[in-house]
Amino acid sequence: MTTMFETYYRCPQCGTAFQSTTIGSCGHADKWSDLCPDFWGASPRMFFVACCPDCGYCDFANEFEDMPPETETDVTDPGGDILDRYVKAYEHALSRKKPARQLADYAVQVAWCRHDEDDDADSPTLKKYREAAVFHFEEALGEGEVEEEEMPTIHYLIAEFSRQNGDFEKAKKHLDKIPDDAGIAEAAPHLRKHAEAEDSEPYRLGEEKAD
């Protein structure tokens, strides 16, 4: 169950103090094929990101300074569209030249917005950020920014976002790089089955059994 409460932040870019909503608790039992949590109840993802109402700076809430509860301000987070908030967070991270591994995480969060709109929702914008996630993950692998124990999951995510974008050959290529003893290996056969069928739709993990 998702619970929320009001809190106060100070923008690290312009110093504005403002009120926003933060997540008290949330949970999930399942995940989508791109590893996005399938949350119980209302999705909390809107408020994992905070946006400054003055300068427009958006980032994950933990990147903002927490202000005390007695802070007095009528300035509030402007809210808005969830996809727009995550796109702004990614673009700000890109402008600050964060490492490829971190940029990949920002791009993944944008791509996951697909599940907050509608199960079947897709758009050129979402495709663009799936491509960005693949690009940054491959860049991070090439630059040695990925720890060895994380590599199987990175290859899985590259495969899944490539599949969702219709690049089934790249998907299969990266699935081949996942060791049989990796934790994510259990999900890989089912992803391969979808790639071989040239099916680009996401699915919930565990809904079907791979042959």
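I started with arginine 45, which counts as buried because its relative accessibility is 2% (buried means under 20% relative accessible area, exposed over 50%, partly exposed in between, with a 1.4 Å probe and protein chains only). I kept in mind that this is a predicted model, where local features need pLDDT of at least 70 and side-chain atom pairs count only at pLDDT 80 or more, while totals for chains, interfaces and linings use all residues. Residues are numbered from 1 along each chain as its sequence is written, and side-chain values use heavy atoms, with hydrogens and water left out.

**Entry: arginine 45**
I found arginine 45 in the loop that links strand E4 (37–39) to strand E5 (49–51). Helices (H or I, at least four residues) and strands (E, at least two) are DSSP runs, numbered from the N terminus. What does arginine 45 touch, not counting residues up to four places away in sequence? I noted Cys36, Phe39, Ile82, Tyr86, Gln109, Trp112, Cys113 and Asp116 (contact means heavy atoms within 4.5 Å).

**Entry: proline 202**
Next I looked up proline 202, in the segment after helix H7 (188–196). Proline 202 is buried too, because its relative accessibility is 11%. Beyond its neighbours within four places in sequence, I saw contacts with residues including Trp32, Glu160 and Arg114. Arginine 114 is 88 residues away from proline 202 in sequence, yet their C-alpha atoms are 9.5 Å apart in space.

**Entry: the sheet**
I then traced an open sheet of three strands, in the order E2-E1-E7, with antiparallel pairing (two strands pair if DSSP finds at least two bridges between them). Strand E2 (17–25) and strand E7 (65–67) are at the edges with a single partner strand each, so one side of each has no neighbour in the sheet. Strand E1 (residues 3–10) is joined to E2 by eight bridges. In one of them, tyrosine 9 has phenylalanine 18 in E2 as its partner.

**Entry: cysteines**
How many disulfides does the structure hold? I counted one (a pair of cysteine sulfur atoms within 2.5 Å). Cysteine 51 and cysteine 58 form it, with their sulfur atoms 2.2 Å apart. The torsion about their S-S bond is about 110°, so this disulfide is right-handed. Cysteine 51 is buried at 4% relative accessible area, and cysteine 58 is buried at 1%.
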